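Please look at the protein model shown here, and then work through the questions that follow.

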Amino acid sequence: MELVPEKKPNLRIKRVIGVMSGKGGVGKSTVAVLLAQALAARGEKVGVLDADITGPSLPRLLGVDSFRAESDGQRLFPIVNEEGIKVLSINLFNEEEDQPVIWRGPLLGKAIAQFWADTEWGDLDYLVVDFPPGTSDVVLTALQTIPFSGIVMVGTPQNYVSMIVRKSVRMASMLKAPVLGFVENMATMVCPSCGEEVRLFDDGGSGGASGGAGGEASRLGLPLLAELPWRKEVAQARSLRWTVLPEAARKDADRIADAVGLALSDAEKTASRATAL
Ligand SMILES: Nc1ncnc2c1ncn2[C@@H]1O[C@H](COP(=O)(O)OP(=O)(O)OP(=O)(O)O)[C@@H](O)[C@H]1O
Ligand SMILES: [Mg+2]
């Protein structure tokens, strides 16, 4: 099979953003949801596709876990949350939230392809795709099937994490998905009592509270899109609903959305210059 087969565009979706990492538990889903919420709060039409079939977390984070998505046998219909975000996740089809999905790779890949091609997304300004960790079959299928406008890499500033994130960066590049930059998550922690911002990892990096921004991003050779500090309200929230988020977290989300918007415009300009040549 060709590594980069022809990707089928959906002309009703203007921009597709993947949130990846390679490493598990570094904040991909958190960043995907904050980004989607910030875009929706600006009046954009937003959808979120949960590509994490075996560890889906988006229904809860977007406050739709008590709903069930429907299918007419041909098309899948996403659930629309209170902020107007359309959500599709395997957990929205399971009877019970804790029902495991025990499928082999090809079946997982088929689910992703269906989520992309057979879903009634309608007109969207942005579709945000939350990736599972790793560089497995599902990640490969998603990158081969979905024509991403850009990929946002997420990581924490720890050496072994950088090594794993680099694998994802290389994989995305090999599959012709443009990497927009890096969101450095949890480099610092905002103390819930005094508000002081302290570094969480002593990795010799230079980003965050103790030094110049973007140590990790520059180590990865990527532009730094935004820094997202650890916040108690985010860690303890059952869902990341826009109205429930504290103002500081909404500002974090806005910074991510601003940076992603700029990086996408740059990537689009570069692509159109290349086409004109
Ligand atoms: N900036 C943050 N502040 C506080 N808690 C955070 C932050 N980012 C992530 N977390 C917490 O860390 C945990 C992992 O985050 P998340 O689920 O977003 O990571 P992930 O990369 O999507 O994980 P997985 O690889 O399992 O999909 C969650 O409990 C989340 O609430
Ligand atoms: Mg996740």
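Q: Is K176 buried, partly exposed or exposed?
A: A residue counts as buried if 20 or more other C-beta atoms, placed from the backbone, lie within 10 Å of its own, as exposed if 12 or fewer do, and as partly exposed in between. K176 has 13 other C-beta atoms within 10 Å. Because that count lies between the two cut-offs, K176 is partly exposed.

Q: What should be known about the model and its numbering?
A: This is a predicted model, in which local features need pLDDT of at least 70 and side-chain atom pairs count only at pLDDT 80 or more, while totals for chains, interfaces and linings use all residues. Residues are numbered from 1 along each chain as its sequence is written, and chains are lettered from A and ligands numbered from 1 in the order in which they are written.

Q: Where in the chain is K176 placed?
A: K176 has a positive phi of about 60° although it is not a glycine. Helices (H or I, at least four residues) and strands (E, at least two) are DSSP runs, numbered from the N terminus. In these terms, K176 sits in the loop between α5 (159–174) and β9.

Q: Is M186 buried or exposed?
A: M186 lies in strand β9, and its phi is near 60°, a positive value in a residue other than glycine. It has 24 C-beta neighbours inside 10 Å, so M186 counts as buried.

Q: Is R104 buried or exposed?
A: R104 belongs to the loop between β6 (86–88) and α3 (105–117), and its C-alpha atom is 25 Å from that of G27, although the two are 77 residues apart in sequence. With 8 other C-beta atoms within 10 Å, R104 is exposed.

Q: Which element gives the largest share of the shell around ligand 1?
A: A residue is near a molecule if its C-beta atom, placed from the backbone, lies within 6 Å of it. Of the 19 residues around ligand 1, G24, G27, S29, T30 and A235 come nearest, and the elements that give two or more residues to this shell are α1 (28–41), β9 (179–190), β11 (224–230) and α7 (232–236). The largest share, three residues, comes from α1.

Q: How far apart are the end C-alpha atoms of α1?
A: The expected span of a helix is 1.5 Å times one less than its number of residues. For the 14 residues of α1 this gives 20 Å, and the model agrees, because its end C-alpha atoms are also separated by 20 Å.

Q: What is the radius of gyration of the chain?
A: The chain has eight helices and 11 strands. The globule rule, 2.2 Å times the number of residues to the power 0.38, is compared with a radius taken over C-alpha atoms. For 277 residues the rule gives 19 Å, and the chain comes close to this, so it is as compact as a globular protein of that length, with a radius of gyration of 18 Å.
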